[in-house]
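The report below looks at one residue and its surroundings, and then turns to nonpolar cores and salt bridges.

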Amino acid sequence: MSATLSLHGYHDWLSCMNRPLDGRQIRAFCVLARTGSFTQTARELHLTQSAVSHAMKALEADVGCRLLNRLGKKVVLTQAGEQLLHHVTKILREMEGARESMAQLGKWGRGRLRLGASTTACQHIIPPVLREFRESFPEHAITIEPGDTLALVQSLLQDRVDLALSLEPEKEPQLDFHPLFSDELQFVVGALHPWAQTGQVDRGEIPRQHYILYSKSSVTFRLVERYFRREQMVLNTVIELGSMEATKELVKLGIGVSIIAPWIARKEIEEGSLVALPLGRRKLERRWGVLHWRGKRLNLAEETFVGLCESATVQWKTN
């Protein structure tokens, strides 16, 4: 019987040790340690002296040791009380800091925006959008995680980003896709390539060309592969790159042919160093947009970002 009671007592002690300290008791303890007076502590906390005394007795019972000594009318801390004061002072300081941070977040324009974006979007879309976004939300903390569409989907599902600017993924039931614009993938060749010279693609030469294509794990590569499979063609891919800038430079040098959206190479096409040509009678289009959790209600900053993306990309919409 006594062993059973002892075991129960042990479990009660463990429960007590694991229970967090009462915040109101801790605050009263800190004020009492500063004032050294039950009367002054009660006045500052708008309590009765009896309530303060009861709170201190409950706190001593909770921690299992004496925290206070009465020397006449003055109250001083025991060694255990000094130790407790050292710890709870840091805790209260953290709590006050947390309260201040929350108050700052509640002020207009303060908050965070965690973005995910493809490397292409980071270069061509994000900069002008963020320049305007900063005008409305100058105090917002902004982070950008670059990645391909599939990686950005995982970042959203793992709550590492709030919004992702990317291509439309396939079958993601947990995410909503807010479409921005569609683009058309085309052959892009150097200025000295025979296709550039004639202004048209020799269909018989398509399978014989050397291609510089985006990463095989990307949505773009899958779309290209599917398109030419329907055309009963297999492309001869000699270089696989994850950088559009490197791809354009290699195409300029005549290393191979690429398949990209003309807006990504707009500068090079306008200056004549690259030439864009249609893939064939059928167009190969992609959809760009903003991804977020399905059913999520966007806050003002997020809605503003999406709206700015719409304005920045209207020039790239296909008819």
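A residue counts as buried when its relative accessible area is under 20%. In this predicted model, L67 has a relative accessible area of 2% and is therefore buried. L67 is found in the loop between α4 (49-63) and β1 (68-71). Leaving aside neighbours within four places in sequence, L67 is in contact with F29, L59, E60, V76, L77, T78, A80, G81 and L84. The C-alpha atoms of L67 and M56, residues that are 11 apart in sequence, lie 8.3 Å apart in space.

The largest nonpolar core holds 56 residues, of which F187, F228, I259 and F305 touch the most other members. Apart from that core lies another, made up of 18 residues and including F38, M56, L68 and V75.

| Salt bridge | N to O distance |
|---|---|
| D22 and R24 | 3.6 Å |
| R294 and D176 | 2.7 Å |
| K248 and E245 | 3.1 Å |

The salt bridge between R294 and D176 links distant parts of the chain, since R294 sits in the loop between β11 (284-293) and α13 (300-313) and D176 in strand β6 (residues 175-190), 118 residues apart. K248 and E245, by contrast, are 3 residues apart in helix α11 (residues 244-252), so about one helical turn separates them; K248 is buried at 4% relative accessible area, whereas E245 is partly exposed at 30%. In the remaining pair of the table, D22 is partly exposed at 23% relative accessibility, while R24 is exposed at 69%. Elsewhere, R114, D159 and D162 are joined in a network of salt bridges.

Technical notes
Residues are numbered from 1 along each chain as its sequence is written. This is a predicted model: local features need pLDDT of at least 70, side-chain atom pairs count only at pLDDT 80 or more; totals for chains, interfaces and linings use all residues. Side-chain values use heavy atoms; hydrogens and water are left out. Helices (H or I, at least four residues) and strands (E, at least two) are DSSP runs, numbered from the N terminus. Buried means under 20% relative accessible area, exposed over 50%, partly exposed in between (1.4 Å probe, protein chains only). Contact means heavy atoms within 4.5 Å. A nonpolar core is a set of buried Ala, Val, Leu, Ile, Met, Phe, Trp, Tyr and Cys residues joined through side-chain atoms within 4.5 Å. A salt bridge is a side-chain nitrogen of Lys or Arg within 4 Å of a carboxyl oxygen of Asp or Glu.
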